Amino acid sequence: MGIRKALAIGAVVSITALGAIGCTPEEDDSGTKNDKSHSSSTGGSGKDDKGAAKGDDKKKDADKSAAKGSQADRFKAFVNKNGTPKEKDAVSHVTKVQGADEVNDLLSTADVYTDYTGGIMGKGTGPAKLLASAFADWKKTDNGGGLVTIYDTDGELLGNGNF
């Protein structure tokens with residue numbers, strides 16, 4: 001009973017410590033603390049210390065992401081510009097790409113969804129290999145530490161490859 005009690009107390013202390021770490025004020029580049037949970041340094045003016053409106057940064061980020069397009073659109077554009085005719089045909093079947101923006105050169109994963117049917121026994125297996133190869137050309141990592149998985153319309157595995 002003593003060990004169980006000690007483990008329970010240790011767990012409570014650990015959770016409390018993690019909670020306290022998550023609630024500490026953050027420091028900016030100038031070394032001043034910014035406690036976002038209380039008051040802001042703007043004095044309610046809607047502008048930061050440099051005079052820029054708060055919403056301007058969010059608007060700029062939204063404009064940049066809209067200009068880039070979706071991950072699937074960017075992948076299609078790359079293949080249509082640089083791919084072989086068979087890769088261009090295969091990429092026309094891509095409906096969605098996930099995980100391409102999170103490439104970190106260490107165990108990166110990405111998913112490419114297509115409108116092919118039939119799973120691994122269907123006609124999309126060959127094009128899936130082409131898509132995996134084209135994806136590797138699009139998102140190169142230094143150590144080959146990424147895995148792209150190609151799925152059919154029902155979410156069944158068609159193929160995968162390293163990138």
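## Ser108 and its neighbours

Let's start with Ser108, which touches Glu102, Val103, Gly145, Gly146, Leu147 and Phe163, leaving out residues up to four places away in sequence. Here, a contact means heavy atoms within 4.5 Å. Ser108 sits in strand 4, and with a relative accessible area of 4% it is buried. The labels work like this: buried is under 20% relative accessible area, exposed is over 50%, and partly exposed is in between, using a 1.4 Å probe and protein chains only.

Before going on, note that this is a predicted model, where local features need pLDDT of at least 70, side-chain atom pairs count only at pLDDT 80 or more, and totals for chains, interfaces and linings use all residues. Residues are numbered from 1 along each chain as its sequence is written, and side-chain values use heavy atoms, with hydrogens and water left out.

## The chain as a whole

The protein chain has five helices and six strands. Both kinds of element are DSSP runs numbered from the N terminus: helices are H or I with at least four residues, and strands are E with at least two.

Of the 163 residues in the protein chain, 25% count as buried. The chain exposes about 11200 Å², and carbon and sulfur atoms supply 55% of that; such areas come from the Shrake-Rupley method with a 1.4 Å probe, and for residues only the protein chains shown count as cover. Among contacts in the chain with a separation of 6 or more, 49% are between residues 24 or more positions apart.

Four strands make an open sheet in the order 3-4-5-6, with mixed pairing. Two strands pair if DSSP finds at least two bridges between them. At the edges are strand 3 (94-98) and strand 6 (157-162), each pairing on one side only. From one strand to the next, the twist averages 20 degrees.

Go through the pairs in turn. Strands 3 and 4 are antiparallel, over four bridges, and the bridge partner of Lys96 is Tyr113 in strand 4. Strands 4 and 5 run parallel over six bridges, with Asp111 partnered by Thr149 in strand 5. Strands 5 and 6 are antiparallel again, over five bridges, and Tyr151 stands opposite Leu157 in strand 6. Strands 5 and 6 also form a hairpin with five residues between them, and Gly155 in the turn has a positive phi of about 85 degrees.

Strand 5 is mostly covered, with five of its six residues buried.

Leu158 belongs to strand 6 and is buried, at 2% relative accessibility. Setting aside neighbours within four places in sequence, its contacts include Thr114, Ile120, Ala128 and Ile150. Over in helix 5 you'll find Leu130, which counts as partly exposed at 29% relative accessibility. Beyond its neighbours within four places, Leu130 is in contact with Lys86, Glu87 and Ala90. Leu130 and Glu87 are 43 residues apart along the chain, yet their C-alpha atoms are separated by 5.8 Å.

## A salt bridge and a surface patch

A search of the whole structure turns up one salt bridge, meaning a side-chain nitrogen of Lys or Arg within 4 Å of a carboxyl oxygen of Asp or Glu. Arg74 and Asp101 form it, with their closest N and O atoms 2.6 Å apart. The pair links distant parts of the chain, 27 residues apart: Arg74 is in helix 3 (residues 71-82), and Asp101 is in the loop between strand 3 and strand 4. Asp101 is partly exposed, with a relative accessible area of 43%.

Finally, Ile120, Met121 and Leu157 form a nonpolar patch on the surface, with about 350 Å² of accessible area together. Patches are made of residues with over 30% relative accessible area and no salt bridge; like charges are joined within 9 Å, and nonpolar side chains (Val, Leu, Ile, Met, Phe, Trp, Tyr) within 5 Å. Ile120 lies in the loop between strand 4 (108-114) and helix 5 (125-138), and is exposed, with a relative accessible area of 51%.

Conventions
Axes fitted to C-alpha atoms, helices over the stretch in contact; angles between N-to-C directions.
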